[in-house]
Amino acid sequence: MRAEASVDPVLDRETMLRAGRRAYDRCDELAALSAVKGSIHRFHLTSQHAWANALVGRWMTEAGLQTRIDAGGNLVGRIEGSSPGLPAVMLGSHIDTVPDAGRYDGPLGVMLAIEVVDLLRDAMPGMPCALEVVAFSDEEGARFGSALLGSNAVAGNWRDEWLDQTDVQGTTLRQAFRDFGLDPARVRQAARRPDELVAYLEAHIEQGPLLEAYGRPLGVVTSIAGARRFALSVTGEARHAGGTPYDRRRDALVGASFAVLAIESIARRRDIIGTVGEIHAYPGAVNVVPGRVEFSLDLRAETDAERDAGWAEILDTITGVCQERNLEFHWVEEHRARAVACAGWLRQAIADAVAVADPEAEEVPMLYSRAGHDAMVMADVTDIGMLFIRCEDGISHAPAEAVTPWDVALAVEAFAAATRTVLTADRPTTDRSADA
Ligand code: HGY
Ligand code: MN
Ligand code: MN
């Protein structure tokens with residue numbers, strides 16, 4: 001996208017570098033709040049989450065934000081505009097992680113948001129809207145299965161059946177809320193109305209290799225892939241590994257292996273994204289033919305239609321393989337998030353800001369997000385925009401996840417410039433139908 005470069009820089013170089021360094025370093029500090037020493041595990045409504053809310057809440061307060069923990073466990077900071085109670089531009093991302101995570105997926109976006117508030121707060125008394133920062137409590141869904149629980153509460157999508165989900169210890173989400181000091185019957189009170197928000201902006205690492213391939217530090221997100229997550233199972237019969245001839249076997253793991261290979265081949269051919277991240281064979285003994293296999297499927301595509309057509313073919317193929325092998329196949333959908341488009345006026349604001357922060361870019365990179373984000377849920381309640389930051393070799397959801405302090409400094413400039421534009425823009429009321 002050609003940027004109009006119609007915005008002035010917000011920051012002098014020294015301020016930009018200092019703010020970027022602090023955001024970068026705070027991701028290290030936050031990484032230490034983990035359930036496992038030496039790696040990063042911070043799940044929804046755990047003590048690590050509470051510690052993170054306290055630490056990030058302190059940083060928010062230092063930036064001038066009034067903070068609270070909402071009924072969904074999200075940490076929300078607010079700074080008023082020219083008068084109290086005005087609709088807010090909300091900046092944010094998540095502070096929960098996957099197991100053995102990287103330190104920037106989520107937290108970097110929250111740290112950048114806090115830097116932007118710190119840099120713009122003196123201008124806030126003159127602004128026609130408020131400015132909020134949210135640290136969402138559960139984007140990954142690593143503890144209870146369904147994901148985006150924090151942003152779904154804020155977007156008004158809460159479903160009480162989620163409270164019955166259990167974690168690996170058998171603790172229900174209901175009990176986890178109580179253990180966290182929240183009332184599970186009040187989660188809906190976290191919901192925000194459309195008239196309370198002007199826009200939601202999220203800065204996030206790309207979690208893919210495209211910006212690095214383009215040689216650019218920043219990019220603008222056009223849309224976010226829709227995702228569906230399934231729990232699949234194949235059931236055969238556990239038998240002796242030595243005495244059972246092949247023609248009498250109903251080997252669940254061989255059947256599941258055919259399914260896994262079919263998922264990859266269908267996804268590659270259809271240019272969609274299918275991943276089996278978890279697989280368990282039972283009874284799981286070296287000398288027993290597996291009688292049952294349970295495995296996951298994470299399925300995404302740029303559009304819901306492409307994703308759903310891929311699922312239909314995968315379902316048909318696995319059903320056929322299992323019939324041939326006299327195996328039973330069952331599946332349950334555990335999570336679904338629709339593909340969403342970023343609003344055109346916000347894409348333009350972010351593109352103009354990126355052009356200022358990265359003036360050497362001939363074209364501002366525009367790309368759809370293969371990763372899911374809280375923004376895809378916030379699209380249910382307000383217009384969304386996302387800024388992408390390059391990450392090394394596109395690695396994410398792994399300890400090797402890395403960014404450079406320089407790219408983070410450029411992201412502070414771009415995020416601050418985009419936020420300032422949005423704070424003062426005449427928001428188009430009908431622009432939510434921007435095509436992906
Ligand atoms: O899975 C995702 O795309 C996100 O990182 N939760
Ligand atoms: Mn993630
Ligand atoms: Mn993330």
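Predicted model: local features only at pLDDT ≥ 70, side-chain atom pairs only at ≥ 80, totals over all residues.
The ligand site comes first. Eight names make up the surroundings of ligand 1: Glu139, Glu140, Gln207, Arg229, Arg300, Ala371, Gly372 and His397. Sorted by class, that shell holds four charged residues, three polar ones and one nonpolar one. Some of these neighbours put polar atoms close to oxygen atoms of the ligand. For Arg300, a polar side-chain atom sits 2.5 Å from an oxygen atom of ligand 1. His397 also uses its side chain, with a polar atom 3.0 Å from a ligand oxygen. On its own, ligand 1 has 210 Å² of accessible area, and the protein covers 93% of that.

Next come the helix pairs. Two packed helices can be described by the angle between their axes and by how far apart those axes are. Helix α1 spans residues 13-31 and packs with α2 at about 155°, the axes being 10 Å apart. Angles over 145° count as roughly antiparallel, so α1 and α2 are roughly antiparallel to each other. The crossing of α1 past α2 is right-handed.

Helix α2 (residues 47-62) also meets helix α3 (residues 107-120): their axes come within 9 Å and cross at roughly 20°. The cut-off for roughly parallel is an angle under 35°, which means α2 runs roughly parallel to α3. Here too the crossing is right-handed, with α2 passing α3.

The remaining pair is helix α9 (residues 344-357) with helix α11 (residues 405-424), whose axes lie 8 Å apart at an angle of about 140°. That angle makes α9 oblique to α11. As α9 passes α11, the crossing is right-handed.

Finally, the backbone has a couple of spots worth a look. Most peptide bonds are trans, and most residues other than glycine have a negative phi. The bond joining Tyr282 and Pro283 is cis, with omega at about 5°. Pro283 belongs to the loop that links β10 (279-282) and β11 (288-289). The other spot is Leu45, a residue other than glycine with a positive phi, near 65°. Leu45 is found in the loop between α1 and α2, the two helices described above as roughly antiparallel.

Conventions
Residues numbered from 1 in each chain as written. Chains lettered and ligands numbered in written order. Heavy atoms only, no water. Near = heavy atom within 4 Å. Polar contact = N/O pair within 3.5 Å; in protein donor to acceptor, adjacent residues only side chain to side chain. Areas by Shrake-Rupley, 256 points an atom, 1.4 Å probe, with all protein chains shown as cover. Nonpolar A, V, L, I, M, F, W, Y, C, P; charged D, E, K, R; others polar. Axes fitted to C-alpha atoms, helices over the stretch in contact; angles between N-to-C directions. Helix = DSSP H or I, 4+ residues; strand = E, 2+ residues; numbered from the N terminus. Parallel < 35°, antiparallel > 145°, perpendicular 65-115°, else oblique. Left-handed = near helix turned anticlockwise from the far one by under 90°.
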